[in-house]
Amino acid sequence: MKIGIIGSGYVGLVTGVCFAHLGHRVICVDNDVKKIAMLKKNHVPIYEPGLEEMIRENVAAKRLSFTTRISQAVSQSEVLFICVNTPPKENGEADLSFVETVSKEIALHLKEYRLIVEKSTVPVQTGEWVEKTIRNYQPRRALFDVASNPEFLREGSAIQDFLKPDRVIIGVSNSKSEKILRKLYGPLKAPILVTDIKSAEIIKHAANSFLATKISFINMVARICDAVGADVEKVAQGMGLDPRIGPSFLKAGIGFGGFCFPKDLSAFLKRAEKLGVGFELLSSVLAINEQQKQYFVQKIENHLWNLNHKTLAILGLSFKPDTDDMRFAPSIDIIKALEREGVHIRAYDPQAMKKAKSIFPKIEFTANPYAAMKNADALVIVTEWDEFSNLDWKKVKRLLKHPIVFDGRNQLNQAEMKKLGFQYHGIGRPR
Ligand code: UDX
């Protein structure tokens, strides 16, 4: 099939490349001239494992191309995916102005039937607005349908998530749209759930909010564990063995970050409020997540006493491992709070240091984890990159001024750390 992807950011690029990989012919659009020029040279503006190679392969096979012109995508493609940013406004609501602009542009170029699919995460009833906008702005009265097909891609495993999804959600208003989307996703052989458009829109916000709720829930349980000397890892294991609960997203730590959870939760909450539904549970989930970062800073302070003029070695800055994404990373609030206390910070991250430099002008970045530790008062793990599990701990002990580790992600084996002579402080783990 011929597909147009409008918005070649994270979601758009991964979606476009994966559809091309499935054999469809894809044209990716973006109004960022520099980005399109880069992509035309097979350079990828984001770090996502496997993406660059896949782009190269599909461009060479002539299944994938890039343009800055929406008109080209509209005239060439049977299906158009809206993948533009829906960033948070100051009050937490989703800013849908890019969705509106793109809808108007599609309308202007519409000459024959097209299926227009919202892929970006949008609040419920956005589909109705997209339809109204296209109807109002199209000069030629061409036929079209709108559908919702939310993405569930996780950064770092986005390609796998696309090609082997747990489910594909298709929100449609008629069988014609359903047929087109079923054909498009056919090669994946994944379970497909067909709903109306509004339900599909809600599924995305509800799923992310529920996962975030699990995280805040276990983080509160971790605080109880800390208070009595119990082990949250065991508690989560015991809870997760109940198939009604399940083991995933029960990892206690310093809270969730990234461009999806905080933003989607706030947007869902705001949308609910506008609909007259007070969803206080979600306000608490967000509040717990904010506190969790301060809880970690407090833990460091409780064990190091005065933080002024102390040096901390921080490992990991990105919001989670295997990405260079710093958006809403817990490291930001944690480091800023430590800096306010007068801490000198030396930090290392395998991928995110380039992006982190503009966020933290005062901290010292090091070329490897060991260089961050030299003479530091303690070691602090903020993001659980694999390479931190396999550090040479004898060397670490020699380098640190004191063998103290604050593990914000419960990444390390507590018993082993103690055996090696470290003072180990996880989240919700017995001392
Ligand atoms: C998420 C959703 O998983 C994905 O389906 C959606 O499309 C986009 O949002 P992503 O933001 O890439 O994906 O990351 P994810 O792996 O879900 O982690 C989100 C945050 O939660 C990270 O900061 C992570 O460290 C944290 N987290 C996750 C925990 O603190 N504990 C957990 O048990 C799981």
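Ala, Val, Leu, Ile, Met, Phe, Trp, Tyr, Cys and Pro count here as nonpolar, Asp, Glu, Lys and Arg as charged, and the others, Gly among them, as polar. By these classes, the shell around the ligand in this predicted model holds nine nonpolar, two polar and seven charged residues.

The shell can also be read by its place in the chain. Both domain 1 (2-195) and domain 2 (209-425) supply at least three residues each to the shell around the ligand. Among the contributing elements, helix α9 (residues 197-228) gives the largest share, three residues. The space that the ligand takes up is the largest pocket.

Of the 18 residues around the ligand, those that come nearest are L153, E155, K251, C260 and R409. F152 has a backbone N or O atom 3.4 Å from an oxygen atom of the ligand. On its own the ligand has 670 Å² of accessible area, and the protein covers 91% of that area.

Key: Residues numbered from 1 in each chain as written. Predicted model: local features only at pLDDT ≥ 70, side-chain atom pairs only at ≥ 80, totals over all residues. Heavy atoms only, no water. Near = heavy atom within 4 Å. Polar contact = N/O pair within 3.5 Å; in protein donor to acceptor, adjacent residues only side chain to side chain. Areas by Shrake-Rupley, 256 points an atom, 1.4 Å probe, with all protein chains shown as cover. 1 Å grid on protein atoms, 1.4 Å probe; cavity = no way out; pocket = protein on both sides within 12 Å on 5 of 7 lines; lining within 4 Å. Sits in = over half its atoms within 2 Å of the grid points. Helix = DSSP H or I, 4+ residues; strand = E, 2+ residues; numbered from the N terminus. Domains from an automatic or database assignment.
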